[in-house]
Amino acid sequence: MILQVNEIFYSIQGESSHAGRPCVFVRLTGCPLRCTYCDTEYAFHDGRSMSLDEIVVAVAAHPARLVEVTGGEPLAQPGSIALMQRLLDEGYEVLLETSGAYDVSSVPAAVRRIIDLKTPDSGEMQRNDWDNLAHLRPHDEIKFVIQSRGDYEWARDVLRQHRLDARVRVLFSPAWGSEVRTQLAEWMLEDALPARFQLQLHKLIWPGVERGV
Ligand code: SF4
């Protein structure tokens with residue numbers, strides 16, 4: 001089993017309810033989406049071929065027992081499923097960060113899946129695989145990246161319509177650099193929204209660093 005790997009690095013988990021935890025990241029190459037706010041365009045094509053054994057060795061070079069498989073869009077490589085199972089077999093706690101455009105039902109049950117629902121201003125809303133909502137487990141998370149009031153209202157209505165807060169942790173995150181950061185917090189307060197406001201913690205810790213954090 002060979003995967004295209006963009007980078008493997010050790011950092012602080014920055015964008016989920018696991019934010020703040022030391023974590024090893026396996027960033028896989030490739031993504032068919034083109035979100036307007038994408039901050040990992042370097043992962044669209046750059047990468048090297050690695051076997052599962054090579055990836056496990058590279059992960060084990062770091063001290064954390066938490067691993068996040070991310071991208072790009074990791075599920076665009078079918079081998080990502082075997083990678084997550086292998087990491088579980090090695091005793092790691094495994095997170096998956098995915099765009100929500102791919103079927104997540106074949107992801108091993110023990111993996112904690114952080115699934116985007118693409119908002120209107122992302123430009124990729126039509127990619128959302130709504131069937132994924134039927135496969136949610138309590139340890140999964142749904143994340144909305146917000147760039148405008150329109151995005152907020154759309155996400156709020158999806159949350160309410162699907163009663164997401166009763167099923168998983170729900171994250172509302174302003175797109176990095178967007179003007180709505182403070183407004184988003186105020187909108188959530190006005191609605192007493194049953195969701196978590198979050199900032200990309202790693203970008204606050206290491207401002208301006210674009211890779212490996
Ligand atoms: S899904 Fe993620 S990696 Fe792909 S374009 Fe959107 S933000 Fe970038």
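Here is a short chat about the ligand site and the salt bridges of this predicted model.

Colleague: Which residues surround the ligand, by class?
Modeller: Around the ligand you'll find C31, L33, R34, C35, C38, T40, F44, G72, S99 and K118. Cys, Leu and Phe count as nonpolar, Gly goes with the polar ones, and Lys and Arg are charged. Sorted that way, the shell has five nonpolar, three polar and two charged residues.

Colleague: How many salt bridges does the model have?
Modeller: The rule asks for a side-chain nitrogen of Lys or Arg within 4 Å of a carboxyl oxygen of Asp or Glu. By that rule, the count is 17.

Colleague: Take K143 and E15. How many residues apart in sequence are the parts that this pair ties together?
Modeller: Their side chains meet in a salt bridge, with N to O at 3.2 Å. K143 is in strand β7 (residues 141-146), while E15 sits in the loop between β1 (2-12) and β2 (22-28), so the parts tied together are apart in sequence by 128 residues.

Colleague: Are K143 and E15 buried or exposed?
Modeller: Buried means under 20% relative accessible area. K143 comes in at 4%, and E15 has 17%. So by that cut-off, K143 and E15 are both buried.

Colleague: And where do R113 and D140 lie?
Modeller: These two form a salt bridge, with the closest N and O atoms 2.6 Å apart. The pair ties together parts that are 27 residues apart in sequence, because R113 lies in strand β6 (residues 112-116) and D140 in the loop between β6 and β7.

Colleague: What is the relative accessibility of R113 and of D140?
Modeller: R113 counts as buried, and D140 does too. The value is 0% for R113 and, for D140, 0%.

Colleague: In the pair D157 and R156, which residue is buried?
Modeller: D157 and R156 form a salt bridge, the closest N and O atoms being 3.4 Å apart. D157 has 39% relative accessibility, so it counts as partly exposed. At 13% relative accessible area, the buried one is R156.

Colleague: Last one: which residues do salt bridges with shared partners join into one network?
Modeller: Two of them have come up already as a salt bridge, K143 and E15. Through shared partners, the network joins E15, E97, D116, K118 and K143.

Definitions and conventions:
Residues numbered from 1 in each chain as written. Predicted model: local features only at pLDDT ≥ 70, side-chain atom pairs only at ≥ 80, totals over all residues. Heavy atoms only, no water. Near = heavy atom within 4 Å. Helix = DSSP H or I, 4+ residues; strand = E, 2+ residues; numbered from the N terminus. Buried < 20%, exposed > 50% of the residue type's maximum accessible area, 1.4 Å probe, protein only.
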